[in-house]
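Dear colleague,

I am passing on a structure for you to look through, with notes on what was found in it. Please open it alongside this message.

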Amino acid sequence: MPSEQPQYLYKYRQVPGIDDIDVYLKHEGYNAVRKALTMDQEAIINEVKLSGLRGRGGAGFPTFIKWNGIPKNWDKPHYLVVNADEGEPGTAKDRDLMNALPHLLVEGCIISCWAIRSKACYIYIRGEYIQPARQIQKAIDQAYAKGFLGKNILGSGFDLDMYVHMGAGAYECGEESALMSSLMGERGMPRHKPPSAPLPVISGVWDSPTIVNNVETIATAVPIINMGGAEYAKVGTGTPGAGPASRGTKLITLSGHVKKPGNYEIVLGTPVREIIYEIGGGIKNDKKLKFFIPGGSSTPLLPPEFLDTPYDYEALGKTGSLLGSGALIVYDETVSVPALMTRLMHFYAHESCGKCTPCREGTNWLVKIHDRIMAGGGRPEDIDLLLDISNNIFGRSFCALGDAAAMPLAGFFAGKGAIYYFREEYEELIRNGAGGKKRAFAPLQMAGV
Amino acid sequence: MLTEEVYKKIDTLIAKYPTKKAALLPALWVAQAANDNWLPREAMADVAKYLGLAPAYVEGVATFYTMYNKAPVGRHHLEVCHNIVCMVVGADELIDHIGGKLGVGRGETTPDRKFTLNTAECLGACANAPCMMVGDTYYEDLTTEKVDEILADLARK
């Protein structure tokens with residue numbers, strides 16, 4: 001790891017036993033809670049504002065705006081819901097954080113709950129993450145035992161209860177409103193968004209003011225309170241307060257064909273080339289880089305000419321892709337783009353909740369065409385049909401899942417996705433049939449469905 | 001068909017939420033764990049009755065989520081990730097390898113009901129791909145040799 005990358009979240013990542021509260025307490029553990037409880041709500045939210053923190057789950061929405069949206073002086077209960085439903089292919093950083101540093105999340109939750117006057121916090125963890133859930137539950141139990149949770153925390157008069165809630169296998173539940181439905185015991189389907197419905201900060205779970213934030217976002221409250229928002233914002237790109245900026249650090253999951261895949265904390269704005277070739281050690285088996293996916297499976301891929309792009313929200317946005325959840329996937333020259341996209345389309349078709357027609361029908365249509373091309377039965381007009389369908393899903397689906405399926409193929413507003421960069425590969429497959437390499441793509445199998 | 005013990009566990013779950021309905025997902029987990037890792041209709045109906053919900057509603061919720069098994073599964077439920085990271089580092093070959101060793105295809109259970117082989121969508125261990133989940137355990141950075149050891153180990157359990 002290059003030494004110039006400050007480690008705010010991962011500062012004590014390598015300390016043995018840091019998942020235990022006694023070890024954690026010896027390494028500044030719960031200092032931020034002690035400090036936060038001496039501050040008033042506005043002061044905490046102001047530090048978050050100064051930090052320039054943007055939601056680390058994928059959307060990049062300024063965190064302080066969400067927190068500020070919680071109504072003042074309402075007698076309704078307020079809730080903090082932590083989104084630990086990490087299901088975006090390529091993303092594994094929240095799992096790592098919960099496994100290795102569970103108290104960082106619990107501490108962040110306490111600060112956030114104090115800031116939004118919430119007395120109950122639910123950590124919604126995807127069903128597959130049984131081990132991380134155990135780590136978080138252990139941390140919660142230890143925090144109760146030491147008086148950081150429960151009644152009258154550290155004599156401040158503040159009461160807080162924290163619960164783990166397990167999902168049960170549905171990518172859709174990572175979407176904010178679907179996650180809230182799931183938490184309330186429903187199918188994980190999205191709700192209406194404003195203007196036709198109130199924001200969750202007004203009416204979220206159980207019709208009460210609710211903040212939904214990603215694991216990493218909440219954990220970042222700890223270094224922000226410890227060091228102060230202005231100090232946290234000293235690294236990154238853009239000028240704080242002057243338009244959109246990418247301040248601070250970001251956890252990334254580096255995966256695919258790199259020599260040293262892993263979860264890393266990087267300063268926002270680090271060039272992609274440095275991440276892949278220095279932090280990641282370069283391409284596995286010294287093959288050639290074919291393309292990379294910057295922010296998880298829903299973000300359009302980028303060819304090597306974008307290697308010098310700074311890894312931040314604005315610069316990646318300008319390329320026609322996105323920073324997303326911080327999942328940098330690297331692919332070497334051996335990868336077939338249509339084959340990869342076929343697998344991905346199967347994923348989105350399977351995970352579509354079925355609520356809206358563009359996504360439900362569109363994703364399945366994308367699958368059928370891809371399957372046909374892969375089986376050697378592609379038609380020349382299929383490529384434009386794929387683009388047409390994608391463009392008809394994009395912006396027309398109920399939630400972002402439809403967009404997430406369309407973007408890898410057809411791109412974001414700039415219109416540059418897999419088909420734009422690798423159209424010849426599709427054309428060749430269609431011209432030559434499957435080229436003797438027919439591979440049936442078995443759909444996802446489940447017991448009894 | 002649910003036992004007193006299961007209902008007691010569900011009671012502790014209900015206490016965590018402002019509504020009974022919110023305890024549905026965790027209650028189904030408890031019911032599934034108590035029933036050889038799958039959810040017969042009767043179990044879903046019992047959960048429905050206990051939480052004051054319609055059986056059709058509970059079934060509707062249960063069928064939405066892939067991790068509630070609606071049919072019996074083997075004692076060891078192998079779920080091998082095959083999404084876009086695991087795929088390019090050998091997941092398909094691993095699935096074929098496991099299927100060949102166990103004599104089953106995707107979604108099938110061995111006749112002795114010891115193993116069920118399934119594919120999974122992104123297990124969120126992409127930095128350690130390929131990976132698979134067996135029950136509550138993740139196995140990461142898999143190779144065919146590693147998989148052989150894991151299968152031999154599981155076969156003894």
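This is a predicted model: local features need pLDDT of at least 70, side-chain atom pairs count only at pLDDT 80 or more; totals for chains, interfaces and linings use all residues.

Residues are numbered from 1 along each chain as its sequence is written, chains are lettered from A and ligands numbered from 1 in the order in which they are written, and side-chain values use heavy atoms, with hydrogens and water left out.

Chain B and chain A bury about 4500 Å² between them, 60% of it on carbon and sulfur atoms (buried area being the accessible area, with a 1.4 Å probe, that two parts lose on being put together, summed over both). Of the area that chain B buries against chain A, 15% is supplied by B:F64, B:I84 and B:E121, more than by any other three residues. In terms of contact (heavy atoms within 4.5 Å), 49 residues come from chain B and 66 residues from chain A.

Between the two chains there are 4 salt bridges (a side-chain nitrogen of Lys or Arg within 4 Å of a carboxyl oxygen of Asp or Glu); B:E140 forms a salt bridge with A:R95, where the closest N and O atoms are 2.5 Å apart.

The second largest pocket holds about 1100 Å³ of space (on a 1 Å grid over the protein atoms alone, a pocket is an open set of points where a 1.4 Å probe fits, with protein on both sides within 12 Å along at least five of seven lines, and lining residues have an atom within 4 Å of a point; the volume is the space filled by probe spheres set on the points, which are joined across faces, edges and corners). Its lining has 39 residues, and A:I130, A:R134, B:W29, B:A33 and B:D136 lie nearest the centre of the pocket.

Best regards
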